[in-house]
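Here is a short report on pockets and helix packing in a predicted model. Start with the pockets, then turn to one helix pair.

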Amino acid sequence: MANKLYHWSKSTLRDHLSVMRGETAPSIILKDATYLNSARKSWSRGHIWIYDDRIMYAGPEWPEKTDGSEIVDCSEKWVVPGYIEPHAHPFQLYSPQTLAEYASVRGTTTLVNDNLFLFLNMEKYQALSAIEDLGELPTSMFWWARYDSQTELEEEDRWFSPSNMKDWLEHPLVVQGGELTSWPKVMTGNDTILHWMQYTKELNKPIEGHLPGSSVSTITQMALLGVDGEHEAMTAEEALRRLDAGLVTSLRYSSIRPDLPDMVEGLLEAGITDFRRFTLNTDGSTPAFYKEGVIDRTIQICLDKGVPEIDAYEMGSYNAAVHLGLDNLIGMIAPGRLAHLNILSDKREPKPEAVLAKGQWVYKDETNLYPKKPFEWEKYGVTPLDIDWKLKDSDFHFSMPMGIELMNSVILKPYHIGIEANNDELWKTHDESFFMVVDRYGNWRVNTILKGFATKVDGFASSFNNNGDIMMIGKHKEDMEKAAEELIKNKGGIFLVEDGEVVERISLDIFGLMSSKPMEEVIEEHEKMVAALKNRGYPHEDPIYSLLFFAATHLPYIRVTQKGIYDVHKKMVLFPAIMR
């Protein structure tokens, strides 16, 4: 069963022994391969025997029985473990299943996933059943358990109840706690979160921090409280702070923070020669960023910058497995491990020419062989976003004295509104827009002026954000209303409207937050939407991140939450949400 890490029955284990005893033929034999032997930290030459989903043997011996075995000549190939993404956010317009397929055919056969969207949008037993069934995919799907919502929710205590936290943390597919975005609360006395951190340690699971820009003192204190790993370094100096504090340091290459090349250069210049405590991650990049690859791309960057070959591959596989306590299951080529294997034409080119995931070919002969069975989200109570309320004229009243300014893709600051906001339309000679959030149930709204998003967006509506509420932005109230109507009619998504017509859209049929379409289609929709917004004056890197993090209280300085406009530093609501 997928809800167990070691799911082989007694009879199956006896079958595995029969392969070694020459009584049963392997399913697949990779013949004469040069493979990465992480136990020796060297390249070895030999044959890799695979039976069903598991590696039986790797070494010079040839199996006694090969009747029915698929024998693959690897005499001129290099074989490395399937890559591991230790920090996936599988809901950035795509879904866990579509990301798993896209990543696996490019060699990233294990994802360690954020549980936040499932945690906040599904009942516990449905969510845990869903992750177990996702565990049946050829991709190994593991999860981490959040300690907080990274926003201000109306019913946070209900979601983060002792029962929910205990069941998530104890689940065998949940392999770490975190990421700990609420570390300031822990530092200032929140014993509830600290309790769950301690419980995570009792379960012998690591804790992932979230410490962007933190000082040596802060990182050290969080290490004392139990944080084991961290992924927010933006420079080599920041990476070394984490390393020196004993943290496993994950080097990030993401759509919003593509810092990996500079960090690797800096680490090499600093004299780093031991990379055992470094991993690689893409931190939930938005779809179009993955066109160049997933962890295979990060390994290529490390190789190009001068990281030794074995170190680069282990940063993308073995090191993460060791950190998570999973190296007896994934991350290396040795007996008993899952048969996640990448076949390379050249050890300097980590993009594989063939991929095995749990012993199945998912990519071979330039063909995607990943199983095409749709994931039946409706089995777990997941439906498209169903909204039964309508906007009213009174909703479009903007009288708040304080606006919010988008300083970059994710940072919001307060600003004094200096324009007349009582008209139905704003001039396109400035970058101030109407901004409104209505909760998904239609109970409350927050209205203000948003500066720094765009100059020429007439109407824009999105159900994609941290809370799943409905967000509207624009210069023209009628087009904003039209965009919201299209969103409601289509049961979720992102819609851009101009002169009463939809000019771009992204369909999001799962919760109104994720698309069930293949990743390639989501990438195309994402690229078109970003281009349309940038053509209309969006000045930052990625508007999808802006939408996601408007409510995220782990970022400075002002956030728009379910409770109203919230001051992150003062930890207080400045202007409460208005009941409709």
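## Largest pocket

Helix H7 is the top contributor to the lining of the largest pocket, giving four residues. H7 spans 183-187, and helix H17 (543-549) also gives two or more residues to this lining. The pocket holds about 1100 Å³ of space. Its lining counts 50 residues, and His210, Pro212, His554, Leu555 and Pro556 are the closest to the centre.

By class, the lining of the largest pocket splits into 18 nonpolar, 20 polar and 12 charged residues. Domain 1 (81-330) and domain 2 (393-579) each provide at least three of the lining residues.

## Second largest pocket

The second largest pocket has about 660 Å³ of space. It is lined by 29 residues. Nearest its centre lie Leu120, Asn121, Trp159, Arg440 and Tyr441. Helix H3 (116-121) and helix H5 (156-159) supply at least two lining residues each.

This lining has 12 nonpolar, eight polar and nine charged residues. Here too, domain 1 (81-330) and domain 2 (393-579) each give at least three residues.

## Helices H4 and H6

Helix H4 covers residues 124-134, and helix H6 covers residues 162-170. Their axes come within 11 Å and cross at roughly 10°. H4 is therefore roughly parallel to H6.

On the H4 side, Lys124, Tyr125, Ala127, Leu128 and Ile131 make the contact. H6 brings Ser163, Asn164, Asp167 and Trp168. The contact residues divide into five nonpolar, two polar and two charged.

Terms used:
Residues are numbered from 1 along each chain as its sequence is written. This is a predicted model: local features need pLDDT of at least 70, side-chain atom pairs count only at pLDDT 80 or more; totals for chains, interfaces and linings use all residues. Side-chain values use heavy atoms; hydrogens and water are left out. Axes are lines fitted to C-alpha atoms, for helices over the stretch in contact, and angles run from 0 to 180 degrees between N-to-C directions. Angles under 35 degrees count as roughly parallel, over 145 as roughly antiparallel, 65 to 115 as roughly perpendicular and the rest as oblique. Contact means heavy atoms within 4.5 Å. Ala, Val, Leu, Ile, Met, Phe, Trp, Tyr, Cys and Pro count as nonpolar, Asp, Glu, Lys and Arg as charged, and the others, Gly among them, as polar. On a 1 Å grid over the protein atoms alone, a cavity is a set of points where a 1.4 Å probe fits but cannot get out, and a pocket is an open set with protein on both sides within 12 Å along at least five of seven lines; lining residues have an atom within 4 Å of a point. Grid points are joined across faces, edges and corners, and a volume is the space filled by probe spheres set on the points. Domain bounds come from an automatic or database domain assignment.
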